[in-house]
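Trainee: Could you walk me through some backbone features? I'd like to learn how to read them.

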Amino acid sequence: TNTVHFPTFINGSGSIVITSLVDQNGCVPGVIDPDFMTLEFNAKPDVFGAGPLEGCDSNGDGEAWFDLTGLNNTVNGGTGNTVTWFEDMNGTMPVSDPTAYYTGAGNIYVNVQDDNCVSDIIAIQLNIVTAPNPGEETTVEICSIDGSTLNFYLELGGDPGGIWNDDSDSGVDLSDPASVDFSGIAGGTYLFSYSFLPTGPCGDTSAILTILVYEPGNPGDDNQIGICFGSTTTVDLEAALGDHDQNGEWTDVYVTGVDLTDPTAVDFSFVGIGDYDFIYSMPGNDVCPDQEAVIVVSIYEEPNAGVDSLIQVCNIGNTIIDLEAALGPHDNIGYWTDLDDAGVGIDPADQVDFSGIQAGTYRFSFTIPETDNCPEVSATITVTVLEGSFAGQDSLQQFCQGYNLSIDLFSLVPDATDSTGTWQQLSGDPLDLSDPFNVSIEMAGPTVD
């Protein structure tokens, strides 16, 4: 309450007009008593502190949008009094749009005004909360060859700690987003979202990584084919590749001279022994490199089973023959067969005993089996078994020296069955053996063999 004193006393009647009267707080009088010249001024309204108020920095520039009016009911205490926001503490720079105020962290200023008075100005703190950055949406191209990986974090350039989702159900493994393998993924467009949950004043944020997957050309698989030297059977190089695309190109690496006009029927009959590479190439594109498969054609020397041969053997005496030697030079990777069931043991084949085998002709084949590379080869040894003549058993006969009767040598040999043989004196005084049925030993010494 303030009293205004006038230095001049007024006599009689008159009028005093007081206009625009406010106190130091800017409050106008509520009651004026003209009798005592007493003015009663209204009290300034209360202003209440609030905050701090948080805003979300969504683009990383350190500033955020604030709706200051959300604090009006707090600042004016719910009275409905007018709330005015200022950028400066002196209240000279009002905020043009308190519902959308863009600024950095710091203070904002506010007062409250009723119909008579304006409150003091107070500061409200504004804090900035930086939203997680999921990165910039982008599109990446990749080829689905073996070992094709992408670093999803690097592609988007966002903050770590978010959540990845395979929006297109590509089937890739996202357990390590820094190394996502696209090997073997079918060509197409795949979307992957990277998001953060709401944080304080910031809502959820996300970005989309678009992957364009391209499939490389399929040249088939590396393989090897073996054929025998001189074989007239053609080779199907296409079949050796397995499943493959048809728009590739063949290269004869070692320039063998074979005709590749029809790679399904290539003639190698004139090509020498060795290994020869043939490359099937698929052209690449801006994303996928050239692809190739190598077919190795191995030309082998034909297995050598030896040569056919004829052998004669007696079924008595020296009855063992060497079938292996009878073949001549040959590869030792085959097996023997007794074609005529001679009944002899042919393992080992270098000591086959024909003792007691009935006279006749017997065939024995040596076979090297067919392989994927060369056909079966064989040689036949024909053995003619001869019935041997028996000369009888050794014997010892005693006579008196000077015995003057003729001796029949055949009668002295037990079990002799054949008299067509030839007698030969081994020791002692020479005897006349021209007639073995009548041999004289009269002049012989003590011992004669």
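Trainee: In which loop does Asp341 lie?
Mentor: Asp341 sits in the loop between β22 and β23. Keep in mind that we're looking at a predicted model.

Trainee: What is the phi of Asp341?
Mentor: First the general idea: most residues other than glycine have a negative phi. Asp341 isn't a glycine, yet its phi is positive, about 55°.

Trainee: Is Asp341 buried or exposed?
Mentor: Exposed counts as over 50% relative accessible area. Asp341 has 65% relative accessibility, so it counts as exposed.

Trainee: And what about the phi of Val255?
Mentor: Val255, also a residue other than glycine, has a positive phi near 50°. Look for Val255 in the loop between β17 (249-252) and β18 (274-282). Val255 counts as exposed because its relative accessibility is 66%.

Trainee: Now peptide bonds. Which residue is joined to Pro348 by a cis bond?
Mentor: In general, most peptide bonds are trans. Here the bond from Asp347 to Pro348 is cis, with omega near 10°. Pro348 is in the loop between β22 (335-338) and β23 (352-353). Another cis bond links Gly51 and Pro52, with omega about 5°, and Pro52 belongs to the loop between β3 (38-41) and β4 (53-57).

Trainee: Let's finish with a sheet. What is the order of the four strands in the open sheet?
Mentor: The order is β10-β15-β14-β12, and the pairing is mixed. β10 (138-143) and β12 (163-166) are the edge strands, each pairing on one side only. From one strand to the next, the twist averages 25°.

Trainee: How many bridges join β10 to β15?
Mentor: Six, and the two strands run parallel. Find Val140, and you'll see Ile211 of β15 opposite.

How values were computed
Residues numbered from 1 in each chain as written. Predicted model: local features only at pLDDT ≥ 70, side-chain atom pairs only at ≥ 80, totals over all residues. Heavy atoms only, no water. Pairing = 2+ DSSP bridges. Axes fitted to C-alpha atoms, helices over the stretch in contact; angles between N-to-C directions. Buried < 20%, exposed > 50% of the residue type's maximum accessible area, 1.4 Å probe, protein only.
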